[in-house]
Amino acid sequence: MVKSPWHHLIATYARQWLVLMVIVGFSVGRPALAASANGDHHQRVEKLAAELRCVVCQNQSIADSQSELAHQLKREIEKQIESGSTDDQIRHFMVERYGEFILYRPAMTSKNALLWLGPLVLMLLGAGLLFRTWRNRQNQPDDEPDEINGYVTRGDSP
Amino acid sequence: MKRYLLPLALFLALISTLALGLKRPDPQDIPSPLVGKPVPSFTLTQLNDDKKWVKPTDFKGKVWLLNVWASWCTSCRKEHQVLVDLAAKKLVPIVGFNYQDQRAAGVDWLKQHGDPYLVTIFDADGQVGMDLGIIGVPETFVIDQRGVIRFKYAGPLTADVVNNKLLPLVRGLQRG
């Protein structure tokens, strides 16, 4: 069985690839972690506001929208941060009044598990099908078309 | 032939899902998270009298409508006659909620267009409006005898909505 050239490439550089991913992960992840622990109110307001959908003009975040409601909600976020609420408490406040729809990143619940996992499941299904097709091809007695008397025959028929 | 059935089925499933997704989401269809919950408590002044207070518990024991409006809201003008007509039928009390408005402007507006309300609550800064999850104006809530919000309609009311959506619900609730 002939292994595809990708196998060799990945096998050789797997370790380096892993190290690279870890480095990238940390350099992107750590600043985000630091910002939320940071006491800087303005940053927190902007970050929260960017995560919330302006339910009036629905394709903008509260941070971007110029609608009256967006301004009002942004002021409310500021007020709550100043009085010591956590990010989660503020998000909960918004969802209680305006629904899950206000979050750009809805929490993973049993109701939207299908939405979150659906693409992944489909991708795995597709990968599985792909793998099976690839393996079937590999298992054919002969991958090369046979030439008999100038006619090309194949192992399987449609 | 059988080989193509599975991919075809998957393709059709994908196409129909995408086709469904093409339907633009109607903001009316966003379910209000407040339906099924009690009206948030608050104490505000009446529009016509800043010395008199009103709170939602004042209306316990009957089914009532809460209609959110403002003098600056043009759609409110469209629905107002519907409300005036409904109030004349005396089927259900309608409480007004004047949202983010000026007191004088609100009072004038009612004088000009008619006052179908049992009383109008004055929420100048919209703080209580936020607790009610008000997204736009006008909005109308149906609230039952225990003070639980049973339905919210966003947008200007029409006779059709009143007759086919609000009144059946109100009657059902009134029967207990």
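This is a predicted model: local features need pLDDT of at least 70, side-chain atom pairs count only at pLDDT 80 or more; totals for chains, interfaces and linings use all residues.
Biologist: How many residues of chain A and of chain B are in contact?

Modeller: On the chain A side there are 17 residues in contact, and on the chain B side 15.

Biologist: What is the area buried between the two chains?

Modeller: The size of an interface is often given as the accessible area lost when the parts come together. Here the area buried between chain A and chain B is about 1400 Å². Carbon and sulfur atoms give 55% of that area.

Biologist: Which three residues supply more than any other three of the area that chain A buries against chain B?

Modeller: They are Gln72(A), Arg97(A) and Tyr98(A), which together supply 38% of it.

Biologist: Which residues form the salt bridge between the chains, and how far apart are the closest N and O atoms?

Modeller: A salt bridge is read from the distance between a side-chain nitrogen of Lys or Arg and a carboxyl oxygen of Asp or Glu, with a cut-off of 4 Å. The count between chain A and chain B is one. Arg97(A) forms this salt bridge with Asp131(B), and the closest N and O atoms are 2.8 Å apart. Five residue pairs are in polar contact across the interface.

Biologist: Which elements give two or more residues to the side of chain A that touches chain B?

Modeller: Helix H3 (68-82) and helix H4 (87-98) of chain A do. H3(A) gives the most, with six residues. By type, the residues on this side of chain A are eight nonpolar, three polar and six charged.

Biologist: Turning to chain B, in what order do the strands of the sheet stand?

Modeller: The order in this open sheet of seven strands is E2-E1-E5-E4-E3-E6-E7, with mixed pairing. Strand E2 (49-54) and strand E7 (149-154) of chain B each have a single partner strand, so one side of each is left without a neighbour in the sheet. On average, neighbouring strands are turned by 30° against each other, direction ignored.

Biologist: In what sense do E4 and E5 of chain B pair?

Modeller: Strand E4 (residues 94-99) and strand E5 (residues 119-123) of chain B pair in the parallel sense, over five bridges. Phe97(B) has Ile121(B) in E5(B) as its bridge partner.

Methods:
Residues are numbered from 1 along each chain as its sequence is written. Chains are lettered from A and ligands numbered from 1 in the order in which they are written. Side-chain values use heavy atoms; hydrogens and water are left out. Contact means heavy atoms within 4.5 Å. Buried area is the accessible area (1.4 Å probe) that two parts lose on being put together, summed over both. A polar contact is a pair of N or O atoms within 3.5 Å; within protein, one must be able to donate a hydrogen and the other to accept it, and residues adjacent in sequence count only if both atoms are side-chain atoms. Helices (H or I, at least four residues) and strands (E, at least two) are DSSP runs, numbered from the N terminus. Ala, Val, Leu, Ile, Met, Phe, Trp, Tyr, Cys and Pro count as nonpolar, Asp, Glu, Lys and Arg as charged, and the others, Gly among them, as polar. Two strands pair if DSSP finds at least two bridges between them. Axes are lines fitted to C-alpha atoms, for helices over the stretch in contact, and angles run from 0 to 180 degrees between N-to-C directions.
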